[in-house]
Amino acid sequence: MKIKIIADSTCDLSQEIVEQYDISIVPLVVNIDGQEFRDRLDIQTDDFYNKLETYKNPPTTSMPSPDSFITCVNEAEEKGFSEVLCICMSSGTSGSYQSAMLAQSLYHTRYPESKIRFEVIDSVSMSHGSGWLIVKCAMLLKGGYSLDQLIHYCEAVKYRIKHFLSVDDLENLIRSGRISGPGAIIGKALNIKPIMSMKNTKGVVVAKKRGHKQVLNYYIEEFIKHVDYEQTNFVIIGYTSDIHRAENLKIKLQSETEFKGDIYIMQMGVAVGTHVGLGGLSMFFVEKPHEDFIHHVKEIIMHHIK
């Protein structure tokens, strides 16, 4: 069985990785001053960040249409793929998953003669968090995993993909509804950098550090404390507008931890950058099992027992 992996553009994977693993990308739409751009296709990422502060109105995003997912599945079937695994950004932060699920329900109604199997996963992650899961699945696929094995892996591990994202300003995230609550009120004048993680499919502030040096130190401390070395054979470091911060974090991971796997540096795309803004820095890896994960696994086991 030939398996095709599909993702929405918020996975923020580099073009090199996309081509290496033959991953199909469904673009979100970015709205800038009355014009619509397809993420990764109609607008260059660096150009977007360079102009971000000059736009008359804050850019917004909209989810891919079900038809855009259906088109990807059609193309996969035409190329001889018999199974499709679509991994989307967290349903708590984007409508991509719901759109893909609608595409799944419509596909065989429109194409009743099609034999292709089309499965959709909610990554419960954002940006390179879903990207991490996608790359891992692509590696496992090359190692001979079946579609069912890939699905089981995603469901078992996705709640353990650890996210850290620091930003220079939370204004974009607050405005877009990606984050809310008392933790979002941060004093910019004090050079306080909020650090976010994921909880229950949504972003939450987990720490506040003064200056970039303290942010990097926090990332390293948390990595050492939480990383599951057995599962984490690679780490993804993301950035929006300043690659030097990402490079400094990579150097610290290599010199101050025992991690010996690959470290990928990838830029956050326009759709994600619309909400993160300038100065974003992120890190993604698999953490050791924790209480939420254990509870999730128990639910999976009970579902199969029933």
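Here is a walk through this structure, from the whole chain down to single residues.

First, some ground rules: this is a predicted model, where local features need pLDDT of at least 70 and side-chain atom pairs count only at pLDDT 80 or more, while totals for chains, interfaces and linings use all residues. Residues are numbered from 1 along each chain as its sequence is written, and side-chain values use heavy atoms, with hydrogens and water left out.

Let's start with the big picture. The protein has eleven helices and 13 strands; these are DSSP runs, with helices being H or I of at least four residues and strands being E of at least two, numbered from the N terminus. Of the 306 residues, 51% are buried. Buried means under 20% relative accessible area, exposed means over 50%, and partly exposed is in between, using a 1.4 Å probe and protein chains only. The accessible surface comes to about 14500 Å², and 50% of it belongs to carbon and sulfur atoms (areas come from the Shrake-Rupley method with a 1.4 Å probe; for residues, only the protein chains shown count as cover).

How is the chain folded back on itself? Take the contacts (heavy atoms within 4.5 Å) with a separation of 6 or more: 76% of them join residues 24 or more positions apart. T93 lies in the loop between β6 and α4 and is buried, with a relative accessible area of 8%.

Now for the inside. In soluble globular proteins, nonpolar side chains tend to be buried together. A nonpolar core here is a set of buried Ala, Val, Leu, Ile, Met, Phe, Trp, Tyr and Cys residues joined through side-chain atoms within 4.5 Å. The largest one has 32 residues, and those with the most contacts inside it include L13, L85 and W132. Among the elements giving two or more residues to this core are β1 (3-8), β6 (83-88) and α5 (128-142). The largest share, seven residues, comes from α5. Zoom in on L85: beyond its neighbours within four places in sequence, L85 touches residues including K4, I6, C137 and L150. A second, separate core has 21 residues, among them V235, I237, Y239 and F285.

The structure also holds two cavities of 30 Å³ or more. A cavity is a set of points on a 1 Å grid over the protein atoms alone where a 1.4 Å probe fits but cannot get out, and lining residues have an atom within 4 Å of a point. Points are joined across faces, edges and corners, and the volume is the space filled by probe spheres set on them. The second largest cavity holds about 30 Å³ of space, and its lining includes D168, K193, H212 and R245.

Most residues other than glycine have a negative phi. D22, though not a glycine, has a positive phi of about 55 degrees; D22 is in the loop between α1 and β2 (24-26) and is partly exposed at 43% relative accessible area. D33 has a positive phi near 45 degrees. You'll find D33 in the loop between β3 (29-32) and β4 (35-38), partly exposed at 35% relative accessibility.

Note on methods. On a 1 Å grid over the protein atoms alone, a cavity is a set of points where a 1.4 Å probe fits but cannot get out, and a pocket is an open set with protein on both sides within 12 Å along at least five of seven lines; lining residues have an atom within 4 Å of a point.
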